[in-house]
Amino acid sequence: MTLANPSDFNGSLQPQGWLRYFSFSLDHKVIGLQYLVCGFLFYLVGGALAGAIRTELATPLSDFMPRDTYNEVLTLHGTVMIFLWIVPVVNGAFGNYLIPFYVGARDMAFPRLNAVAFWLIPPAGILLISSYFIAGAAAQSGWTAYPPLSLTTPAAGQVVWILSVLLLGGSSIFGGINFIATILKLRRPGLKLMQLPMYCWAMLGTSILVVLSTPVLAGTLILLSFDIIAHTGFFNPSLGGNVVVYQHLFWFYSHPAVYIMVLPAFGLVSEILPVHARKPLFGYTTMVYSIMAIVFLGLIVWAHHMFTSGTPPWMRLFFTIATSFIAVPTGIKFFNWLATLWGGKIALNSAMLFSCAFIVNFVFGGITGVALAQVPFDIHVHDTYFVVGHFHYIVYGGTVFVIFSSLYHWYPKFTGRLLNEDLGRLHFLLTFIGFNLCFAPQHWLGLNGMPRRVAEYDPTFTTLNQVSSVGALLMAISTIPLLINVVVTALNGKPAGDNPWNALTPEWLTSSPPPVENWIGEAPLVTEPYGYGQHHGQPQEVKA
Amino acid sequence: MTSTAPLQDSGSPNLSPDASHAAAAGQDHAEHGDFRLFGLATFLVADGMTFAGFFAAYLTFRAVNPLQEGSTYELELLLPTINTVVLIISSFTFHRAGKECRGGNLGASRLWLAITGALGAIFLAGQMVEYFSLPFSLTDNLFASTFYALTGFHGLHVTLGVICIAIVALQTRRGGRISASDHFGLEAAELYWHFVDGIWVVLYGILYLL
């Protein structure tokens with residue numbers, strides 16, 4: 001075949017400079033940053049919605065907004081944060097940017113599919129949010145869209161919600177296929193699976209979960225939309241349908257979704273800790289097996305969300321035991337991270353602070369998770385603020401902290417400039433204090449019986465709710481130093497050099513920001529991505 | 001095809017999809033093999049999970065929800081059984097088409113593709129006849145809804161498959177995309193067709209025989 005002069009295409013077909021971030025670019029690095037910025041914009045939307053929720057709950061009475069609006073706000077908040085911020089960013093953004101480097105490739109396996117997967121997200125997000133303005137009312141049945149609630153609330157908003165989630169699910173599946181093919185099929189010759197950086201294993205496990213479970217949610221939502229539009233009765237008890245089947249199918253996706261959100265974070269932390277502690281990642285092999293054990297167990301524990309849905313005793317027993325087992329591989333990973341830190345030359349910079357805080361937050365969220373897996377306890381706190389507190393410790397204290405940590409760690413790679421450390425530490429301090437102030441009290445509220453998804457509550461809960469709202473305010477304020485930091489350093493930051501952290505993983509063995517095809521010349525063969533302290537602080541020998 | 005083909009060229013219409021794909025990955029097929037079928041197989045696993053969800057829902061409905069007065073799970077067996085045989089035969093004819101293509105007999109391959117496509121169309125026609133002769137409609141009861149959802153979703157897959165077969169058959173003409181050495185499109189359509197047939201066999205088993 002003949003290739004025309006590449007610069008012709010670069011000049012005419014693929015925009016250069018900032019314009020390429022608004023184009024159908026096939027470069028995995030551009031797509032990764034598209035995911036990151038797009039996701040962050042939706043994080044601001046979801047955060048504003050969270051602010052509205054906490055404002056409403058600052059007083060016991062429903063006085064800030066009408067109750068229907070409150071239901072729309074909490075539904076949009078959950079959907080935006082999960083499907084438009086956490087899943088796209090922790091998978092799509094960092095996965096697309098890093099995985100090709102880690103496997104020694106010049107791009108993802110299916111670049112066009114990759115671009116399609118990203119470009120499904122903005123329309124889906126706009127569709128979701130615009131339903132509030134266009135359809136008259138956004139969906140009001142929470143991110144779970146349980147029938148019969150989702151069948152009795154205004155239909156138009158619910159249908160738009162389903163359409164949006166279907167688009168986002170499709171995007172997620174396309175991304176998952178791409179990651180699996182890239183990691184398994186596109187590795188640089190000579191690079192073995194057990195030499196890959198841990199984030200590759202995390203993304204492989206996550207993508208397996210995405211491919212196996214997301215289609216089930218898609219099928220379920222199609223049936224739900226039939227119930228709404230065509231008046232079939234799959235999940236409509238008054239027409240002979242079965243609501244519990246919806247719950248089973250929904251949680252068959254949505255419990256693995258927890259691991260789709262948190263396994264990549266585990267992987268990212270495994271990259272960040274060794275670099276800033278200057279030590280090899282402890283227990284590489286056990287980490288790999290733990291990830292795969294979590295993938296397997298994650299697929300067979302979904303009904304622990306349904307202990308109060310008339311689940312038969314044998315099912316309760318099975319799902320309690322299976323769920324408790326997940327604590328074992330997760331615990332192994334935590335002890336491995338602690339052992340990685342142990343005796344290390346720890347640099348307490350912003351990236352490290354967020355990663356260490358992740359360990360603290362996630363252990364707490366994990367312990368409440370094991371507690372929730374026990375049927376008697378779960379029945380007591382089901383659908384209370386205890387559950388809200390628990391899962392925010394997982395998705396915010398876990399994953400979002402890791403996203404911030406990763407931003408400080410890889411920003412120099414993205415832009416060639418370092419983020420300001422003082423602003424970074426301020427961002428960390430505000431986030432950490434605000435987060436714990438916001439969500440820790442919710443455990444007490446839940447234990448004392450405050451139900452979730454209510455706009456009004458018993459006045460005895462007022463004080464703790466106000467503490468929680470103050471925490472939310474701090475979290476909102478914490479975004480300001482982050483935004484200032486990103487804008488100021490992008491314009492006028494300290495040049496980072498190619499490898500400011502003296503890291504050994506392959507993405508640092510090229511310029512910052514990297515050239516279009518990742519490396520000038522051949523991709524390096526990195527067989528020891530965590531060989532810190534073993535080569536006198538110098539990067540290991542790199543074979544071209 | 002050089003392994004230094006620039007990445008951003010892949011947006012160029014001048015390149016064949018095969019070449020642009022390899023160029024986009026910055027890798028040679030000789031180095032990595034063709035992993036597009038692997039990607040398709042991964043997608044079919046996902047697609048199969050959608051069906052698995054539907055099957056699980058149907059079986060649970062049957063086990064848990066009592067049928068309404070006067071309705072039955074019994075279905076007319078003759079037509080769907082003929083349809084099943086038609087679809088299974090079409091898997092073999094498609095296999096033959098692939099074999100002929102790899103052997104360089106593009107004309108014979110096209111003939112077998114035409115037969116496969118015709119069998120697919122016969123299946124869809126049979127499905128239509130069955131729909132019009134059924135004593136229940138979509139919203140009559142839970143079984144009716146599930147029946148139409150399952151067979152309809154599968155019928156959608158067959159329709160897509162027939163369209164793919166038509167496209168692939170056109171591409172086997174002289175100067176078309178498919179040749180004895182480069183026949184990804186045909187292999188992809190074949191894998192997909194076998195998948196759709198396999199799903200039907202399961203569906204036939206639990207919907208008609210059970």
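This is a predicted model: local features need pLDDT of at least 70, side-chain atom pairs count only at pLDDT 80 or more; totals for chains, interfaces and linings use all residues.
**Group meeting: a first look at chain A**

Let me start at one residue, Leu149(A), which sits in helix α6, residues 149–152 of chain A. Leu149(A) has 16 C-beta neighbours inside 10 Å, so it counts as partly exposed.

Next, a residue in a loop. Asp27(A) lies between α1, residues 6–12, and α2, residues 28–56, of chain A. Is Asp27(A) buried or exposed? Asp27(A) counts as buried, because 28 C-beta neighbours fall inside 10 Å, and the cut-off for buried is 20 or more. How far is Asp27(A) from Thr311(A) in space? From C-alpha to C-alpha the distance is 48 Å, and in sequence these two residues are 284 apart.

Now the whole chain. Chain A contains 16 helices and two strands. Along the principal axes, the C-alpha atoms fill a box of roughly 65 × 55 × 45 Å.

Two percentages to finish. Of the 544 residues in chain A, 55% count as buried, and Asp27(A) is one residue that counts as buried. As for contacts in chain A with a separation of 6 or more, 82% of them are accounted for by residues 24 or more positions apart.

How values were computed
Residues are numbered from 1 along each chain as its sequence is written. Chains are lettered from A and ligands numbered from 1 in the order in which they are written. Helices (H or I, at least four residues) and strands (E, at least two) are DSSP runs, numbered from the N terminus. A residue is buried if 20 or more other C-beta atoms lie within 10 Å of its own, exposed if 12 or fewer, and partly exposed in between; C-beta atoms are placed from the backbone. Two residues are in contact if their C-beta atoms, placed from the backbone, lie within 7 Å.
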